[in-house]
Structures are given as structure tokens and as C-alpha cells.
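Student: Could we go through this structure together, one question at a time?
Tutor: Gladly; have a look at it, and then ask away.

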Amino acid sequence: MKHIIRTPRAVAAATVAVALLLAAGCSRADEKSGSDAAPVADKGAATELRLGYFPNVTHAPALIGLGEGLFTKELGSTKLVPTKFNAGPEAVTALLGGSLDASFIGSGPAINAFAKSKGEAVRLIAGTTSGGAQFVVKSTITKPEDLAGKTIATPQLGNTQDVSLKKWLAEKNLTGKVKVTNLENAATLDAFKKGDVDGAWLPEPWSSRLILDAGAKVLVDEADLWPGGKFPTTVLIVRTQFLQEHPATVKALLAGLVASIDAATADKATAEKTVNKQLLDLTGKSLKQPVIDRAFSKIELTADPVAAQFPQLAKDQVTAAIAKQAPAVAGFANLTLLNEVLKAAGKPEIDAAGLDKK
């Protein structure tokens with residue numbers, strides 16, 4: 001079954017309308033998903049699943065699942081309605097506004113969605129990608145001190161890479177000494193080529209594109225900043241109400257995710273071709289083979305959300321001056337359905353590292 005792609009503009013009106021209800025404290029999610037509310041009845045398979053994702057290599061399992069029809073296969077009669085976003089905060093607005101049911105998203109915006117709804121509106125149900133983010137700069141920048149007075153780009157205010165950059169700058173005593181600007185990834189490449197920005201903290205494939213297409217070099221590989229090089233670049237979250245009302249549909253989505261990761265692991269060359277075809281369809285441009293090869297070498301496709309890192313990620317938002325206090329993340333994860341899918345496939349279950357408990 002062919003899926004339908006909606007853009008953020010196409011769902012904007014619905015998002016705004018429901019967001020007004022959220023502000024008034026009248027949303028169904030607020031009424032039904034709170035800890036003191038009555039349990040929401042299982043309504044069976046959903047008629048449709050509105051799924052957010054980004055045209056980035058760090059969303060490779062999502063792109064493979066869409067391109068190879070793996071989500072559609074698992075969802076059966078449920079219509080898949082994919083919606084493309086550029087950065088996490090846009091997807092958060094759609095989720096909290098009720099115009100999106102689930103989304104592949106960066107860890108930072110995922111935490112923000114949970115915090116903004118006071119821990120009620122969304123749940124973390126799986127990982128997608130670990131790694132795949134780098135701070136790339138002009139060749140003349142060789143050490144942190146060289147960044148003073150320079151302009152550095154991130155994809156969007158408050159997105160995962162924006163938080164990572166600002167935390168790193170704070171640790172290097174460079175807060176206020178470096179101008180941080182927010183640009184869409186394609187615009188960042190053009191700005192770097194023109195000399196309008198001096199570097200960027202970007203997800204793949206954009207860090208690889210700046211390196212191979214524009215002569216940038218790596219100043220910081222974010223994997224070097226985390227234990228074992230593992231950190232959640234992309235995860236999968238779902239509206240709590242949708243999870244409660246349609247667990248079978250969510251489980252089918254997770255089965256499609258696991259199938260996508262398995263397919264990429266078994267045949268990397270085909271996975272790269274599928275992702276590149278999706279990027280061509282979504283952005284009008286495909287990646288050169290050296291770019292996609294390098295991008296894939298920097299990521300790990302995994303259903304593990306690396307839950308143990310989320311408390312630190314929450315604290316990083318304070319260090320980055322994105323939040324005044326660390327968002328509470330207790331109770332954020334619900335990996336029950338994911339582990340059912342993994343167990344049925346003969347795979348080891350994934351530990352929520354206490355993130356499933358309030």
C-alpha cells in the first residue's frame with residue numbers, strides 16, 4: 001500500500017487548533033494519560049498512523065522502513081501517513097498538538113516533549129540510531145580557542161545538535177564568545193561554502209557533506225564525548241494516548257523498525273541505496289557514494305535508546321542554557337512492546353535503565 005506524505009505545513013492548522021486546547025488544559029491526552037486518570041481502553045488497530053521522520057542518514061531505519069514498505073507490511077490495514085520534518089522542535093509541536101501520533105526524533109526534543117507535557121503526553125518506545133553527529137569547522141580552526149568571534153550553525157534552536165554544541169561551548173568557556181545561528185541543514189552547507197558560517201554541529205549526512213563537498217574538518221566527533229561512544233541520536237516516541245488506545249498498531253510499527261534495522265545489518269549496500277533513493281525523493285538530491293559511505297560508517301542502527309544516558313542529556317540542557325532546570329525524565333520510557341517484538345524474534349530484550357519508573 002502506497003503511503004501518503006504530509007508536510008508540517010499540511011498539518012499546521014490542525015496542530016494549532018489542538019494546541020489551543022492543550023493550553024486551556026482541555027486536551028484528551030491531558031485528560032486520559034495522567035497517572036490519576038482512568039485507564040484508556042484498547043480500541044484495537046488504528047485507522048491511520050501519522051508518523052514523523054527527517055530526511056537524514058541518522059533516520060536511516062525510518063527511511064528504509066518507508067522505502068522498502070516494511071512499516072506498511074507490519075501495519076496491515078492501518079494507513080501509514082508519513083510527515084517529513086527538518087528538526088525536532090517542529091515535530092514536538094505536532095505531537096503535542098495532536099496532529100502526529102509518533103515520530104522518529106532527536107533525544108533532546110524528545111525530552112522536551114516529555115517535559116513540556118509534565119511527563120504525560122509522550123513515551124519513548126525505542127531507539128533508532130546511535131552516533132552520527134560531528135562538529136565540523138574550517139581548516140584554519142584547530143583548537144577551541146580559535147572559535148572566538150566565529151559563527152557556528154546548528155539545525156534548529158533547542159534541537160539535539162544545538163544542545164550538544166552549546167554544552168560543549170560552555171565547558172570550553174566559550175559561551176557568548178561564539179555566535180550560534182540556526183539554519184536548515186542544506187542552507188548550512190551553502191553558508192559554509194560562502195564563508196557565512198565557520199562551522200556547524202550536524203547530524204549525518206550533513207557533517208560528511210561539509211567535509212567531502214566543502215572542505216571542512218572534524219573538530220569534535222560527539223561519539224568521543226560519551227561512554228563507549230554510544231549516545232541516542234535518533235529515537236522513536238509516541239503519544240501516550242495513542243499508545244494506550246492502539247497498542248497493536250504501535251507494536252506493528254516497532255516490528256517494522258526492527259525489520260528495517262535487520263535489513264540494513266544484513267545488506268549495508270542495499271540499505272545505503274534505499275536511503276539515498278529516499279533522500280532523492282524527499283530533498284531532490286541524492287548523496288555521492290563517498291558521502292553516504294562515510295555517513296553510514298559514523299552511525300549504529302539500533303533499537304536500543306541508550307536509556308541510561310537520558311538523565312545526563314537532561315542535565316546538558318541546563319549546561320547549554322536551553323532549560324533553567326534539568327527536565328525530569330523518570331517514567332519517560334515504555335519498552336514493553338519493543339521487548340515483546342524482540343523476544344518474538346529471538347533477540348535479547350533491552351534494559352530501560354530505570355527510565356520506565358517514576
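Student: Which strands and helix each supply at least two residues of the lining of the largest cavity?
Tutor: This is a predicted model, where local features need pLDDT of at least 70 and side-chain atom pairs count only at pLDDT 80 or more, while totals for chains, interfaces and linings use all residues. Residues are numbered from 1 along each chain as its sequence is written, and side-chain values use heavy atoms, with hydrogens and water left out. A cavity is a set of points on a 1 Å grid over the protein atoms alone where a 1.4 Å probe fits but cannot get out, and lining residues have an atom within 4 Å of a point. Taking helices (H or I, at least four residues) and strands (E, at least two) as DSSP runs numbered from the N terminus, the elements that each give at least two lining residues are strand E3 (102-106), helix H7 (160-171) and strand E10 (232-239).

Student: How many charged residues does the lining of the largest cavity have?
Tutor: Asp, Glu, Lys and Arg count as charged; Ala, Val, Leu, Ile, Met, Phe, Trp, Tyr, Cys and Pro as nonpolar; and the others, Gly among them, as polar. By class, the lining has 6 nonpolar and 12 polar residues, and the number of charged ones is none.

Student: Is asparagine 112 buried or exposed?
Tutor: Asparagine 112 sits in helix H6 (residues 107-116). The classes are buried under 20% relative accessible area, exposed over 50% and partly exposed in between (1.4 Å probe, protein chains only). Asparagine 112 has a relative accessible area of 16%, so this residue is buried.

Student: How many residues apart in sequence are the parts that lysine 138 and aspartate 198 tie together?
Tutor: Their side chains meet in a salt bridge at 3.0 Å, N to O, the term meaning a side-chain nitrogen of Lys or Arg within 4 Å of a carboxyl oxygen of Asp or Glu. Lysine 138 is in the loop between strand E5 (133-137) and strand E6 (151-154), and aspartate 198 is in the loop between helix H8 (185-194) and strand E8 (199-203), so the pair joins parts separated in sequence by 60 residues.

Student: And where does glutamate 340 lie, the partner of lysine 251?
Tutor: The side chains of lysine 251 and glutamate 340 form a salt bridge (3.1 Å, N to O). Lysine 251 belongs to helix H11 (residues 247-266), and glutamate 340 lies in helix H15 (residues 336-344).
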